[in-house]
Amino acid sequence: MSLSRRRIPVAAVVAAILSVPGIAGGQTRPTPGQDVAQSAAIGGVRYDVTFDRTTAPARSLHVAMTFDVTGQGPVLLSLPAWTPGAYEISNFARWVSSFAATSGARELRWDKLDHDTWRVRTDGARNVTVSFDFLADSLDNAIAWARGNFVFFNGTNIFLYPEGRPTEFAATVAVKTDPAWNVTTGMKPAGAARTYTAASFHDLVDMPFFVGEYDVDSAQIENTWVRMASWPKGSFQGAARTRFWEHQRKMFPPMIRIFGDKPFDTYTTLLVFDSTSGGGSALEHQNSHVGIYTPLIVESVLFPSITAHETVHAWNVKRLRPADLVPYRYGQPQPTTWLWVSEGITDYYADVVLARSGIIDSTGFVILTQGKIDEVSATPPVALEDASLSTWIHPTDGTGYIYYQKGSLAGLLLDILIRDASDNQKSLDDVFRELYQTTYKQRWTGFTAEQWWGAVSRAAGGKSFEDFATRYIDGREPFPYATVLPLAGLRLQLDTIREPRLGVSSTPDSNGVRVADVMPASAADSAGIQPGDYLLQVGDIMVRDPAFGEQFRQRYARAEGQRLPVKVRRGDRTLDLQVTVRLTPRVEQRLMIDSAASAKAIRIRNGILRG
Ligand SMILES: [Zn+2]
């Protein structure tokens with residue numbers, strides 16, 4: 001959800017001169033990962049990408065990079081290891097085969113310098129072409145994926161850059177494909193057909209491509225050409241497509257109002273619908289995003305929600321970005337403690353934009369926020385800064401992507417506190433507008449901690465946020481919902497519910513519903529139920545799927561102390577056991593609109609929801 005990808009699981013649907021001594025002799029290699037090598041200077045860079053009916057069956061992109069050698073020594077060419085926004089190392093060089101280097105009819109010698117760097121011996125050649133095939137078989141919005149009539153790919157996957165040289169080099173891309181097929185990208189068209197230009201490597205690799213047979217159309221919104229391409233052809237039509245365009249028209253104005261300008265001339269949404277995708281995941285770029293979705297998502301609020309999230313990213317992270325991420329370094333991980341702002345608050349603004357555009361009402365906003373509160377409650381306490389840093393290693397304790405939901409809630413709390421301190425004259429919008437203007441528009445640096453908290457404090461009339469940052473951003477303390485939400489006419493009601501619980505966790509497999517774990521001293525434990533048993537019957541409920549637990553809680557809600565027969569299969573025996581119904585307390589938290597809110601709190605709530 002990538003992320004910044006936002007990932008939503010299916011259950012929720014309803015990214016010269018060698019300075020190394022001795023290397024001129026051709027034998028010594030630097031330690032992989034050391035940034036000590038520098039390529040001969042090159043210029044006049046052009047990439048030709050071929051994908052057509054002949055290469056599609058092999059799911060292969062043919063890539064040829066042509067350039068002039070303007071310096072001395074070998075040319076060192078590297079592929080990125082990751083795609084910005086997808087904060088994980090992928091090593092795109094993995095999918096490269098048939099690498100070759102030529103100058104005219106002459107083959108040039110080459111070898112690998114490290115796992116994603118090729119060293120080409122030019123032997124005096126001034127014009128060089130390197131070529132390779134790239135296997136497009138990853139259904140991942142940071143990588144490349146092909147079908148018989150279609151491919152999407154990211155520039156990071158296939159565009160080589162000269163190692164140790166400035167990334168501010170211009171390049172041309174030409175796509176060679178079937179005459180009847182489409183080519184769609186956020187890149188700027190050059191003079192020739194299906195030819196595009198980029199002013200720097202950063203721009204080049206930030207504009208993914210669709211090539212093949214798919215649906216594409218466009219509309220002008222807010223003086224911007226907005227495009228949408230969807231694959232497979234015919235899969236996203238009728239009312240759902242009409243609704244997408246209605247949502248696009250509604251979403252852009254509130255986004256532009258938040259940041260104070262519109263930083264792109266065109267915006268392109270690239271959609272892949274595939275039932276094996278297992279939910280929804282999208283990846284942002286400076287003037288486009290790629291979404292991979294299950295076809296079921298188009299009926300869900302998650303679809304406009306992810307669309308808004310990725311589009312807000314065109315401002316927040318693609319342009320306004322933490323200093324740790326400026327500039328992007330493609331050859332190595334680039335951890336930052338700020339993904340709670342770049343992802344989390346982007347997600348807060350996705351909800352805010354949906355509300356301000358009328359796509360959801362206040363109840364919808366409450367439901368989306370409640371969902372985030374529940375997800376944070378169900379996750380081990382983790383500091384937002386730590387979760388942000390750790391995402392590169394994919395933690396296994398469930399905290400890996402919680403900076404989305406928890407960061408979003410931190411955004412809500414900060415927005416409320418700023419609005420409360422300024423009597424709704426200032427908001428988090430002002431923080432983003434100020435930082436966008438001072439750290440992106442004037443001089444492209446990222447924002448620092450001092451700049452962020454300085455802007456937050458200024459918006460709140462000088463109020464200090466040191467304590468807030470220490471406890472809730474760098475620290476693991478539970479969020480102060482009880483004191484902050486009422487300032488915006490919202491209330492988190494805590495209800496203690498007593499409900500029957502067996503005290504087992506179960507998983508379905510091909511033999512039935514298997515007991516995975518039994519809580520010590522629970523009703524199930526006292527009854528003699530053991531891990532590995534298959535549950536057949538509990539009381540008068542026939543156990544067919546794990547949803548039996550919900551049936552059990554409803555059916556026996558008032559049956560405290562009652563003894564029920566339980567049938568389990570253990571090995572090849574069927575056992576008849578007896579369980580005593582026990583009611584167990586559980587705290588349910590419900591976010592509500594506060595009907596007794598003060599006039600000020602109502603102004604603040606309306607400020608958030610209406611802008
Ligand atoms: Zn994101």
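Guide: Two residues are said to be in contact when they have heavy atoms within 4.5 Å of each other. The model discussed here is predicted. With that cut-off, and leaving aside neighbours within four places in sequence, Trp-452 is in contact with Trp-338, Trp-340, Val-341, Ile-345, Leu-414, Leu-428, Val-431, Phe-432, Leu-435 and Phe-447. Trp-452 itself belongs to the largest nonpolar core, which has 157 residues. Together with Trp-340 and Trp-453, Trp-452 is among the residues with the most contacts inside that core. Helix α5 gives the most to this core, with 11 residues. Another core, of 24 residues, lies apart from it and includes Val-515, Ile-529, Tyr-556 and Ala-559.

Helix α5 spans residues 339-356 and helix α8 residues 403-421; their axes are 7 Å apart, at an angle of about 70°. The crossing of α5 past α8 is right-handed. On the α5 side, the contact is made by Leu-339, Trp-340, Glu-343, Gly-344, Ile-345, Asp-347, Tyr-348, Asp-351 and Arg-356. On the α8 side, the contributors are Tyr-403, Tyr-404, Gly-407, Ser-408, Ala-410, Gly-411, Leu-412, Leu-414, Asp-415 and Arg-419. Sorted by class, this contact has nine nonpolar, four polar and six charged residues.

As background, most residues other than glycine have a negative phi, and most peptide bonds are trans. The loop between α4 (302-312) and α5 holds Pro-327, and the peptide bond from Val-326 to Pro-327 is cis, with omega near -10°. Val-317 is also found in the loop between α4 and α5; its phi is positive, near 110°. With a relative accessible area of 0%, Val-317 is buried, because buried means under 20%.

The loop between α7 (384-390) and α8 contains His-394, which has a positive phi of about 50° although it is not a glycine. His-394 counts as partly exposed, at 36% relative accessibility.

Elsewhere, Gly-462 is found in the loop between α10 (449-459) and α11 (466-473). Gly-462 is exposed, with a relative accessible area of 52%.

Terms used: Residues are numbered from 1 along each chain as its sequence is written. This is a predicted model: local features need pLDDT of at least 70, side-chain atom pairs count only at pLDDT 80 or more; totals for chains, interfaces and linings use all residues. Side-chain values use heavy atoms; hydrogens and water are left out. Helices (H or I, at least four residues) and strands (E, at least two) are DSSP runs, numbered from the N terminus. Buried means under 20% relative accessible area, exposed over 50%, partly exposed in between (1.4 Å probe, protein chains only). Axes are lines fitted to C-alpha atoms, for helices over the stretch in contact, and angles run from 0 to 180 degrees between N-to-C directions. A crossing is left-handed if the near helix is turned anticlockwise from the far one by less than a right angle, and right-handed if clockwise. Ala, Val, Leu, Ile, Met, Phe, Trp, Tyr, Cys and Pro count as nonpolar, Asp, Glu, Lys and Arg as charged, and the others, Gly among them, as polar. A nonpolar core is a set of buried Ala, Val, Leu, Ile, Met, Phe, Trp, Tyr and Cys residues joined through side-chain atoms within 4.5 Å.
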